[in-house]
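Let's take a walk through a protein model together.

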Amino acid sequence: MPEEVHTGSIKQLIPEFIEKDPKEYSPELGELIERLTRRKILKPLIMVGLNTSGRIAGARRVFEAVTGYLKERDIDAEVAETGAIGLNSEEPVLSVQLPGRTRVLFINVTVDDVQVILDDVFHHTIPSEKLLGQIRDENMDAWQDVPFLDELAFFSRQRRILLKHNGIIDPLSIDAYIAHGGYRTFLRTIRYHTLEEICVMMEESGLRGRSGSGFLTGKKWMVAQQTPAEQKYLVCNAEESDPGAFMDRALMEGNPHQLIEGICIAAYAIGATKAYIYIRSEYNDSIRKLSAAIQAARDYGILGHNIFFSGFNLSISIRKGPGAFVCGEETALIASMEGKRGMPQSKPPYPAVRGFHKKPTIVNNVETLSNVPHIIANGPEWFRGIGTGECTGTKIFSVSGRARTRGLIEIPMGTSLEVLVQEIIGGSQSGHTLKAVHIGGPYGGILPANKLNIPVCYETFRRAGAVLGAGGILVLDEKTCVVDLVKYFMGFMKHQSCGKCIPCREGTKRMSELLDEITRKPLAEDQHDTLEKFRGLMQLEKLADVMRDTSLCGLGQLAANPLISALRHFREEFEEHIFDRHCKPNVCRELRTYYIDVELCTGCTVCAKRCPEDAIIGTERHPYFIVPDKCTGCGICKEVCKFSAVFYN
Amino acid sequence: MDRIDQILSDFQQVNRDALIPVLQAVQDEFGYLSGESLEKIGAHLRLPASKIYGLATFYSQFTFAPRGKYHIRVCNGTACHIDRSTSILKELNKQLGIVDGEATRDGMFSLEVVACMGACGQSPVIAINEEYYPKVRSSAIRGLLDDIRMKHS
C-alpha cells in the first residue's frame, strides 16, 4: 500500500464493496477502508470545522494558521476541513490525530492558540486549556487524563445517527463517505429490492416528516409510487427559513453525501428519474458542498444513466430558492420551482398525485431524507426500536438563545425535554435563571421552565401547546421579554404571509398591531383605552381560531400559536405591559420611563432641545425634569447627556 | 455583446421554469435588477415585464437598487433578536442615516436586515460584505464604520 491514498482509489472496488459482506472484503479493500476512514493514518491529521457558523467565528483564520504553522516548521501532516460537530457556541473547533492515537478535539480555538496546541500535541502531551475531549476508538491508543466525548454531558445523552460523522469526516470526500459504508445501501437497493419493498419498509419504520408535518413518509411515497405517470419527481426541501433552525444546514455542510444517498433511494422508491434540491439561496456553503457531492457521485457512476447496470437513471439538480418563508410549504415550493410566486394551493390533489408540472411529486425535508439510508440499511425494526411507538427514530434540535451550550443535539424521540434543556445544554447561561423555552420557531409555542417534563414527540408537544416544527429551540432567561418575543414572531409572520388567504394576511397584521400597541406607551391614555386593549388581546383567541380554520397552509393556521401559548403561560407579563406599562426585563424600549438625576444634571439644556416630544422641562443651569406622561422612552436624552444624568428604572 | 445578453444566451430553454434562475443570474452579475434588465428578460422569456416585476417583488432575494460598496447585513433571527440586534440596527441607522434596504448617497454603505445567517451560536451577528462579526455590540459599530471610512480617505 502506498504512502498516499489517492482520491478515486476506491472507485474500482465498488462492485466488491456492494456484493460482499463487509467481513469478507479483500485485504486490499479492507486496508483502503481503514485508511479512508482514518482508523489508520501514516501522518498526523489536523481538521478544522469550516462550516458556516465556524467560519463566522473565525475558523478560516485558524485553518490558515495551521497550514502556516506546518509550513514554517516543515512538518508533514494533512490538514482537512470538516463540518459542524454541534457545539456552535464553542467554535472554532480544531481536532488533531496522531498515527495510532485517538483524535483529540479543541474548542474556542483562536489563531494564537494554534501554536500552543500543536506544539504540545506534537510533543505527545495534551494541553488542558481549550480541550474538549477525545473520540473513543478501541483500535487506537487513548490519551491519558483526556475525557472521552461520550462521557461529556453534552454528548452522553445524545444518540447520534444522522450527525454521527458530522465534524469528523471531510464532507467533500466521497471516498470517506463510501469507506464509512456509504452508498452501499443505495446500490444494493437498486439491485435487490423492488420499489414497493422500499415503500413498505419505510412505512413500517414509522418515519414521519421531520419538517413539522409529522406525516408518515412511507405512506406518502406509496401514493406517488402507485400513481401512474410517465415522469415523477422527487424534491428535497432545503428551504430552511425558520429563524433559529440550522439542523438541515449542518447536515448538508457536514455530510452532504448522506443526503444525496437518501435522495437516491427515495427517488428509486417512487420511480422518479429526476430529483431537485430546493435550497435557500443564502446557503452558499451548502450549495457548494452539494454541487461538489453531486458531481462526485456522477463521476463514480452513482448518479446518471443506467446506474451500475441496474437500468435505473437518476439526475439531481439544485434550485436556489429566492427567499420566501412560505416556500417551505410543499405546494408553494412547487409553484416557486415553476417560476411563479410561492403561494400554496388547496389540497387535495396532493403533490404526490399531481405536483411539479402536474406530475406526481414527493417533497421531503433534508432531515427526513437523511434518515432513509439508515432505515434501509438497518431495517425498519431497528428504527422502530429507537424512540416511542408513535414517534420513531431520533430528532435533531438546534438550540440557540440564552443557553449555556448552543448547538445541535440529536436525541431519540420520547426523551424528556427536561433532559435536553437541563442536562445536555446545561440550562441557561451562568448567573442567569432559566425562564422558558420556545420550541418550533415562529409557529411554535412557549413552555415555562417548570413544565418541561414532557417527552419529545409530535403529539405530546401539540397537547402541551407547543409544536415540534423543524426542531428549533430558543432558550429564554429572565433578561428576555415574552411579549417582545411574541411581537417579533408575529412581525415575522406578517412579513412572510404570502397574502393569498385573507384571514392570514389581515389576521397577522391585526395581531401585530395589537402587540405593537401594548409595547408602546401612548401619550394620553385613560382607563377605558387600557381595558379596550385588554379586551382586544382576549379576542385574539377567537381570531386565532378563525385563522386556523380558514387558512390554506400551516403559516396561517399556526401563526397565532406563539401568542396563544404565551398568553396561556405568561399572562401576567401581558397584563403588566398593559396595566402597569412596565416591562420588567427592560426589553420593550418604548415602555421605559427616563428620569434625570438632580445631583448630576447641570442644566445644559441639550436634552430638552433634542427631545422630540418636548417632555423635558426646566430652567437653564438648574436640574431639568422629564414629564413621565409625555416621555415615549426613545432614549435620545440618555444618548446626548454628557453628564450621565439620565437613567431609567 | 451586452453582458445581459450573454447571461440570457446561457438560458436556451425558454419557459417560465427558467425565470427565477435567470433573475438570480442577472442579480449575481449586476448586484440588482434594473428596469432595463427586467424588460430584456421579459423579451427573452416572452413574459410581460410587469409579471416579472410582480414575481421579483414577492421574493426577498431580489433588489431593485444598486448596493453600496460596503453592504452591511444585520441578522435579525430569533437568537440575534433576543440578544438585542435591534439596538445594533438602530445604531447603524443613526450612524449611516439610512434604513433597511437603502444605500448612503455616496454609495459607500448599504443596509439590509436578514432573517437568519445561521450562526445562532454566535449571536448577535452582522456582516460587512463577506466579513462576519460575531457577538457584536452596538457600541462597537462606530469604530467599525470609522475603520472602513479611514481606509478610503
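In chain B, four strands make an open sheet with mixed pairing, in the order E2-E1-E3-E4. Strands here are DSSP runs of E with at least two residues, helices are runs of H or I with at least four, and both are numbered from the N terminus; two strands pair if DSSP finds at least two bridges between them. Strands E2 (109–114) and E4 (131–133) of chain B are at the edges with a single partner strand each, so one side of each has no neighbour in the sheet.

This is a predicted model, in which local features need pLDDT of at least 70 and side-chain atom pairs count only at pLDDT 80 or more, while totals for chains, interfaces and linings use all residues. Residues are numbered from 1 along each chain as its sequence is written, and chains are lettered from A and ligands numbered from 1 in the order in which they are written.

Now look inside the sheet. Strand E1 (residues 70–75) of chain B runs antiparallel to strand E3 (residues 126–128) of chain B, and three bridges join them. Here Ile72(B) stands opposite Ile128(B).

Where do the two chains meet? In total, 32 residues of chain A are in contact with 28 residues of chain B (contact means that C-beta atoms, placed from the backbone, lie within 7 Å). Helix H3 (52–56), strand E10 (394–401), strand E14 (472–477) and helix H19 (482–496) of chain A each give two or more residues to the side of chain A that touches chain B.

Definitions and conventions. Contact = placed C-beta atoms within 7 Å.
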